[in-house]
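Good morning, everyone, and thank you for letting me take a few minutes of the meeting. Please look at the sequence and the model on the screen while I talk.

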Amino acid sequence: VRGTRSDAPDVAGLHRAAARVLLTNWTGSSTVPSRTLYPHQWSWDSAFIALGLRHLSPRRAQRELETLLGAQWDDGRLPHIVFDTATPADAYFPGPRFWRAGPYPGVRTSGIVQPPVHALAAWEVFRADPAEAGRRGFLTRAYPRLAAWHRYLGTRRDLGGRGLAAIVHPWESGMDNSPCWDGPLARVEPVPPSRFRRRDLDHAASADRPTDLDYGRYVRLASDYRDHGYDDAATPHAFAVEDPAFNALLVLSELALARVADAVGADPAPHRKRAEEVTAALLDLLWDAPSGLFLCRDLVGGGLIREYGVAGLVPLAVPGLPVAADLLRTAAGERFGLGRVHMVPSYDLTGHAFEPARYWRGPSWFNISRLVHLGLLEHGETARADALRASMLRAAARSGFAEYVDPLTGEGHGSTGFAWTAATVLDLLA
Ligand code: 2M8
């Protein structure tokens, strides 16, 4: 499957190849992001994967989400990793022996969370085959779990007390080493690299990954949280941030959950209300008019974080967003170069910390580009949306479904055969 900037990819071949990636990464009850780098189930990956998988097998897409929901904790949190018990414990770091967590014996998980894309995915998966979903009681079983998940985020995670969900670890944003976290992380005492053994470097180039110093800080934050029993109130969080992408996804998921509630005979009104409240809080607390972008807020150091990351563009997907025109200008401006670079870069192209190949410090990612694509469609920007779609399909075809691509050259980096890349392609082709 080949496609360059000038020749469009062969659609049938691309579809077949994407389906093959999802088949290869399927474990029997869920899909691993990558057979090498990430050999377990990841929370927001599964939601994006289900959105693509529904076009191949709605039943399997339901199963994907059910496996994750089955690992839900009593407090409502959905863990960011559900460990595959058939995979050796040391295949990934930090593995189950590090986290020492799980909802009950036999299910091992991490103790942190990832962005709430699940209700959105569940609704779309349901719509792909309502009859099959109905036979399996998919929505009826998913609804209380999804509602409990959102409740967890709205209560225990409202660390700022003003209506937004906070993240307590960079991994929770899904954008691990975004330059947005450099400031808040500078306060965290890193664990020395001799105290842990990274596995990611066995499978990916170190120039494409976070540094050892980053990892030292990730390990410190995760072990502090673990040593306080993953108790949000009891942990003295050295890192606590309100992230616009995380909260915009919560808005989209609350809106989807309102539809789910309606479909199962529950009251949709509280979900719609919550979506309105989170949108209002996003605008009130994270919107930065001078830059025309949503920024992250540092709850420990105080104030907005003046780094321009793609998380700030994600609220574009929120229906009726009053600042959509400003966000569109920013997307098309020099920082994100929409239409002039490959897909949507994860960080300001003109920023001091921009690195085109290093993970979340510049590379373009398929899940985020898809959210921006949905935002463009939402606000009637059809031509720009079509161009972005074409750019994503080309990049996926050229790179063998890479984990991320260099926005300047389109060259793939990280793992190939990456599940949400393939799933996003299937979604775009549907
Ligand atoms: C990356 O994060 C994990 C930790 O959760 C890692 O670096 O090992 C991120 O890209 C994250 O967004 C993603 O969910 C995960 C699995 O694809 O990998």
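This is a predicted model: local features need pLDDT of at least 70, side-chain atom pairs count only at pLDDT 80 or more; totals for chains, interfaces and linings use all residues.

Residues are numbered from 1 along each chain as its sequence is written.

Let me begin with the record: UniProt, in an unreviewed entry, lists residues 38-421 as "domain: Mannosylglycerate hydrolase MGH1-like glycoside hydrolase", and such annotations may be inferred rather than shown by experiment. Over residues 38-421 the chain is 44% helix and 8% strand, with the end C-alpha atoms 14 Å apart; helices (H or I, at least four residues) and strands (E, at least two) are DSSP runs, numbered from the N terminus.

Now to the helices. Two packed helices are described by the angle between their axes and the distance between the axes. The axes are lines fitted to C-alpha atoms, for helices over the stretch in contact, and the angles run from 0 to 180 degrees between N-to-C directions.

How do helix α3 (residues 58-69) and helix α5 (residues 118-128) cross? Their axes come within 9 Å and cross at roughly 155°, which makes α3 roughly antiparallel to α5, since angles under 35 degrees count as roughly parallel, over 145 as roughly antiparallel, 65 to 115 as roughly perpendicular and the rest as oblique. In this contact, where two residues must have C-beta atoms, placed from the backbone, within 7 Å, Pro 58, Ala 61, Gln 62 and Leu 65 of α3 meet His 118, Ala 121, Ala 122, Val 125 and Ala 128 of α5.

The axes of α5 and helix α11 (residues 244-264) are 7 Å apart, at an angle of about 40°, and α5 and α11 are therefore oblique to each other. On the α5 side we find His 118, Ala 119, Leu 120, Ala 122 and Trp 123, and these meet α11 residues including Leu 252, Ala 256 and Val 260.

Helix α2 (residues 43-53) also packs on α5, with axes that come within 9 Å and cross at roughly 15°, and that makes α2 roughly parallel to α5. The contact brings Ala 47, Ala 50 and Leu 51 of α2 against α5 residues, among them His 118 and Glu 124.

Turning to the backbone, most residues other than glycine have a negative phi, and most peptide bonds are trans. Phe 93 and Pro 94, however, are joined by a cis peptide bond with an omega of about -5°, and Pro 94 sits in the loop between β2 (81-82) and α4 (96-99). Arg 100, which is not a glycine, has a positive phi of about 45°, and Arg 100 lies in the loop between α4 and β3 (101-104).

Finally, which residues are around the ligand? They are Pro 33, Tyr 38, Trp 42, Trp 44, Asp 45, His 80, Trp 171, Gly 174, Asp 176 and Asp 200, where a residue counts as near a molecule if its C-beta atom, placed from the backbone, lies within 6 Å of it.
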